[in-house]
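Visitor: I would like to learn to read a protein model. Please show me one.

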Amino acid sequence: MNDREWRKMAKFALVGAMNTGVDFAVFAALVYGLGAKAIAAQPVSYLCGFLNSYLWNRSWTFKSGKRASASELIRFGAVNLLSFALATAVLLGLEQGLGWNALAGKAASILASLAANYAGSRLWVFREAGERGERSPDSEAV
């Protein structure tokens with residue numbers, strides 16, 4: 001793996017840490033501040049992290065030079081929906097199945113969704129034109 005890829009992964013991890021902070025803080029505020037059930041707090045907190053993630057990963061991590069498009073946002077949403085489903089399954093499995101408290105289950109669920117989210121974002125959502133086999137606007141005709 002080259003230095004450029006390592007930098008992307010480091011940026012993704014940093015954005016992920018910010019997303020986790022946003023997600024975790026909103027989740028804790030809803031569950032412990034407002035008395036919401038974990039199943040109700042999970043989609044709200046995840047959506048807050050999702051919006052943070054899209055903005056930072058698009059502009060900073062993957063530096064998408066393309067204009068934002070509906071199809072890109074849909075792909076990003078699909079990847080995050082898969083990550084959300086995985087995170088929720090882990091959260092509920094640990095909380096309801098194994099009796100963990102909500103915050104411990106939430107922490108474990110974050111790790112479970114990380115790999116799927118990076119792979120989907122890197123390989124599908126923000127993949128550069130040359131990596132998809134497409135010609136970039138800057139490439140010369142052969």
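Visitor: What does A68 count as, at 47% relative accessibility?
Guide: Accessible area tells you how much of a residue a probe can reach. Buried means under 20% relative accessible area, exposed means over 50%, and partly exposed lies in between (1.4 Å probe, protein chains only). A68 has 47% relative accessibility, so A68 counts as partly exposed. Before we go on, this is a predicted model: local features need pLDDT of at least 70, side-chain atom pairs count only at pLDDT 80 or more, and totals for chains, interfaces and linings use all residues. Residues are numbered from 1 along each chain as its sequence is written, and side-chain values use heavy atoms, with hydrogens and water left out.

Visitor: Where does A68 lie?
Guide: Start with the helices. Helices (H or I, at least four residues) and strands (E, at least two) are DSSP runs, numbered from the N terminus. A68 sits in the loop between α2 and α3.

Visitor: Which residues does A68 contact, apart from its neighbours within four places in sequence?
Guide: Contact means heavy atoms within 4.5 Å. With those neighbours left aside, A68 contacts Y54 and R58. R58 is 10 residues from A68 in sequence, and their C-alpha atoms are 8.6 Å apart.

Visitor: How many helices and strands does the protein have?
Guide: There are four helices and zero strands. Along the sequence the pattern reads α-α-α-α. Of the 142 residues, 35% count as buried. Now take contacts with a separation of 6 or more: residues 24 or more positions apart account for 65% of them.

Visitor: At what angle do the axes of α1 and α4 cross?
Guide: Axes are lines fitted to C-alpha atoms, for helices over the stretch in contact, and angles run from 0 to 180 degrees between N-to-C directions. The axes of α1 (residues 3-33) and α4 (residues 102-125) cross at roughly 145° and come within 10 Å.

Visitor: Is that crossing of α1 and α4 left-handed or right-handed?
Guide: If the near helix is turned anticlockwise from the far one by less than a right angle, the crossing is left-handed; if clockwise, right-handed. α1 passes α4 in a right-handed crossing. On the α1 side, the contact includes E5, F12, D23, F24 and F27. On the α4 side, it includes K106, N117, Y118, S121 and R122.

Visitor: How do the residues of the α1 and α4 contact divide?
Guide: Sort residues by type. Ala, Val, Leu, Ile, Met, Phe, Trp, Tyr, Cys and Pro count as nonpolar, Asp, Glu, Lys and Arg as charged, and the others, Gly among them, as polar. This contact has 12 nonpolar, three polar and five charged residues.

Visitor: Why does E5 count as buried?
Guide: E5 is buried because its relative accessible area is 15%. E5 belongs to helix α1. Neighbours within four places aside, E5 contacts Y118 and R122.

Visitor: What about K106: which residues does K106 touch beyond four places in sequence?
Guide: K106 touches D23, F24, F27, Q42, S45 and L91. K106 is in helix α4. With a relative accessible area of 1%, K106 is buried. Other buried residues of α4 include S113, N117 and S121. Their cover includes α1, α2 (38-61) and α3 (70-97).

Visitor: Where is the kink in α4 centred?
Guide: The bend at a residue is the angle between axes fitted to the seven residues ending there and the seven starting there. In α4 there is a kink of about 35°, centred on S113.

Visitor: Which residues does V79 touch, not counting those up to four places away?
Guide: V79 touches A116, N117, G120, S121, W124 and V125. V79 itself is in helix α3. V79 is buried, at 6% relative accessible area. V79 and S121 are 42 residues apart in sequence, yet 7.0 Å apart, C-alpha to C-alpha.

Visitor: Is L55 buried or exposed?
Guide: L55 is exposed, with a relative accessible area of 57%. L55 is in helix α2. L51 has 48% relative accessibility, so L51 counts as partly exposed.
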